[in-house]
Amino acid sequence: MKQFKAESKKLLDMMINSIYTNKDIFLRELISNASDAIDKRRFLSLTKSELSDEFKIVVVADKAARTLTVSDNGIGMTKDELENNLGTIATSGTLKFKQEQQQQSDDSLIGQFGVGFYSAFMVASKVEVETRSAGEDGGWKWTSSGAEGYDIKACEKAEIGTVIKLTLKENDEDCNYSDYLSEYKIRSLVKTYSDYIRYPIVMDVTKSRKADGGDGYTEYTETETLNTMTPIWKMAKKSVKKEDYDKFYRTTFHDFRAPSRVINVNIEGNINYTALLFIPEKQPANYYSKDYEKGIALYSSGVLIQEKCAKLLPDWLGFVRGVVDSPDLTLNLSREVLQQDRQLRFIADSLRKKILADFKKWLKSDREGYEKFFKELGEGIKYGVYENFGEKKDELKDLVVFGSSTEKNAVTLAEYVSRMKEGQEGIYYACGESAEKIDAQPQLEKLKSDGYEILYCTQRVDEFCLMTLGEYDKKKFVNALKAGEHSDSEEEKNEDVKSLLDDFKKLLGNKVHDVRMSSRLVSHAVCLTAEGEVSIEMERVFRASGEGVRAEKVLELNPEHELIKKLIKRHKSGEGFETLAFTLYDEAALMALGEVDDPAAFVTRVNSLMK
Ligand code: ADP
Ligand code: MG
């Protein structure tokens, strides 16, 4: 007897000990494996016609022998494949299951992703697999009664394909395993979990009819197809209910939440295709990690070509899931890849436009839903604006939304522009960690009290997105936190003020680029801003990514403020000037950057001022 690999053994133990309440899913797993195997054979049969067959999955329940059998005429397995595929669990689905099992509770887990072949051991005390691979003469039989290990022997097998026979466990207080032999139970499991499997799942069912002449009934058996079969994306939109789409989405993409939007696309033209796309309600858990694989399942006339075709989506729409089916794709079978890059690019282009057109409709017809979506996944759209030097910015500029000083949730650029004040120099925006923090910035006081709206950029990508857009409806974007224009105001012409500004600048050395009087402060004495290309917020982003790009900082003073008047006096008398000046600078830095250069010195100065 051979031993299971260590990893596999652990998983197997979990299955055998049935720590999962939902044992039902074993049938879904076996049927999905059968369907995958048929997909593979059908794909090969496109060039090797001798491999074509009437594809189907057969379920047989034998009450007397207490066995349940699932057979397919798919690709089958060679001896090596049997050994590797069933002796080792190396599949992503199963491994992931194992990892997340540690963190999550049972119920939220089941149904999220495939748990694989070993789930058979939740209900079976013995599993026998007879299989014959396409191109081999004989078959192989794999047998296992669980954790001890498994055996592989040669066997007779007339047809290509795989037969999996489960001997069900004895009933116990926990579970009535005999249920899995009942016609009704099997039928309902197939309906629930495997309805859209594209091959017929057939079973001999018992029916009865009125006996000729008499009052009694006679029973007879009939082979029945249990599943609907038609791929849901091929069905007329009218005939599909929301629940059906939800169910398809959940089972196909292993998400336990319903999608927040379903998009149907049907294109007839140079290249015909049908697509059924879903927007998930939540950002996928590993969305921003390297492990995340974007992509759309690609079918050619119902034959699965590629499970995740990445080329069909730009990175910034990587959260979109779904299927694309086109009869017009030509395949290069020898390399098992799609050669027709041009066709793919055409579909990708058309898909992107359809998705964005749908988003536009969404924004108009269901504002609340769109805002929820945008909060969860909108960052992607903003990256889309920024990507490739703004190549797609025109397609996206009406889809991005921001918070603002007057509208906490979401403002489109069109809405902003429609309520701009007369003579307003441009679209004001301000960047910061949160709306609250931006709200507290002193240099925005005047703009706000004068009734201007300011867009709040709280995501890192926001400022890059606006810079890439450059303008909207011919209105420039104006950073409201940037230093005001140098003004030759009355105050600055004043000799005393001039020498104060000079000395202040000298005192701060290379901390600032300039010190100025400003007319845009109201209740605050000072603020720290930046001039030139790099804003303070950008400097922070660059610093976080290890780059030393610096903002040219400007310290602005409010000439109307008590403290600035006091500063001018102290400068003149020379008494206590430096302490007050430094403290004011620190105050501005604290507001703008959230930190001071030298906290200890700051505390000493504040203490001396409080005396
Ligand atoms: P997954 O389906 O996620 O790959 P499973 O544990 O369900 O993981 O199956 C493991 C592997 O065993 C499959 O990838 C496949 O190669 C093989 N396999 C299982 N069932 C069949 C079958 N009916 N026909 C051919 N191969 C099969
Ligand atoms: Mg599987």
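This is a predicted model: local features need pLDDT of at least 70, side-chain atom pairs count only at pLDDT 80 or more; totals for chains, interfaces and linings use all residues.

Reply: The questions and answers below take up single residues, then strands and a surface patch.

Me: Why is V129 called buried?

Reply: Buried means under 20% relative accessible area, exposed means over 50%, and partly exposed lies in between (1.4 Å probe, protein chains only). V129 has a relative accessible area of 0%, and therefore counts as buried. V129 belongs to strand β3 (residues 124-132); strands are DSSP runs of E with at least two residues, helices are runs of H or I with at least four, and both are numbered from the N terminus. Beyond residues up to four places away in sequence, V129 touches M77, L82, L86, F117, W140, K141, W142, T162, V163 and I164, where contact means heavy atoms within 4.5 Å.

Me: Why is D586 called buried?

Reply: The relative accessibility of D586 is 4%, so the residue counts as buried. D586 is placed in helix α19 (residues 577-593). Leaving aside neighbours within four places in sequence, D586 is in contact with V596, F602 and R605.

Me: Why is E219 called exposed?

Reply: E219 has a relative accessible area of 65%, and so it is exposed. This residue lies in strand β8 (residues 217-225). Not counting residues up to four places away in sequence, E219 touches T206, K207 and S208. The C-alpha atoms of E219 and S208 are separated by 4.1 Å, although the two residues are 11 residues apart along the chain.

Me: What makes β4 and β5 a pair of strands?

Reply: Two strands pair if DSSP finds at least two bridges between them. Strand β4 (residues 139-144) and strand β5 (residues 150-155) have 6 bridges and pair in the antiparallel sense. G139 stands opposite C155 in β5. In the hairpin of β4 and β5, with 5 residues between the strands, G146 takes a positive phi near 115 degrees.

Me: How do you know that β20 pairs with β22?

Reply: The two strands are joined by 4 bridges and run parallel, with β22 covering residues 552-557. V515 stands opposite L555 in β22, and M517 has L557 as its bridge partner there. From β20, D514 and R516 point one way and V515 and M517 the other way, and all are buried.

Me: Why are β20 and β21 called edge strands?

Reply: The open sheet has 3 strands in the order β20-β22-β21, with mixed pairing. Strands β20 (514-517) and β21 (526-531) each pair on one side only, and these are the edge strands.

Me: What makes Y288, Y383 and Y386 a nonpolar patch?

Reply: Patches are made of residues with over 30% relative accessible area and no salt bridge; like charges are joined within 9 Å, and nonpolar side chains (Val, Leu, Ile, Met, Phe, Trp, Tyr) within 5 Å. A salt bridge is a side-chain nitrogen of Lys or Arg within 4 Å of a carboxyl oxygen of Asp or Glu. At 37% relative accessibility, Y386 counts as partly exposed. Y386 is in helix α9 (residues 367-386). Together Y288, Y383 and Y386 have about 310 Å² of accessible area on the surface, by the Shrake-Rupley method with a 1.4 Å probe, where for residues only the protein chains shown count as cover.

Key. Residues are numbered from 1 along each chain as its sequence is written. Chains are lettered from A and ligands numbered from 1 in the order in which they are written. Side-chain values use heavy atoms; hydrogens and water are left out.
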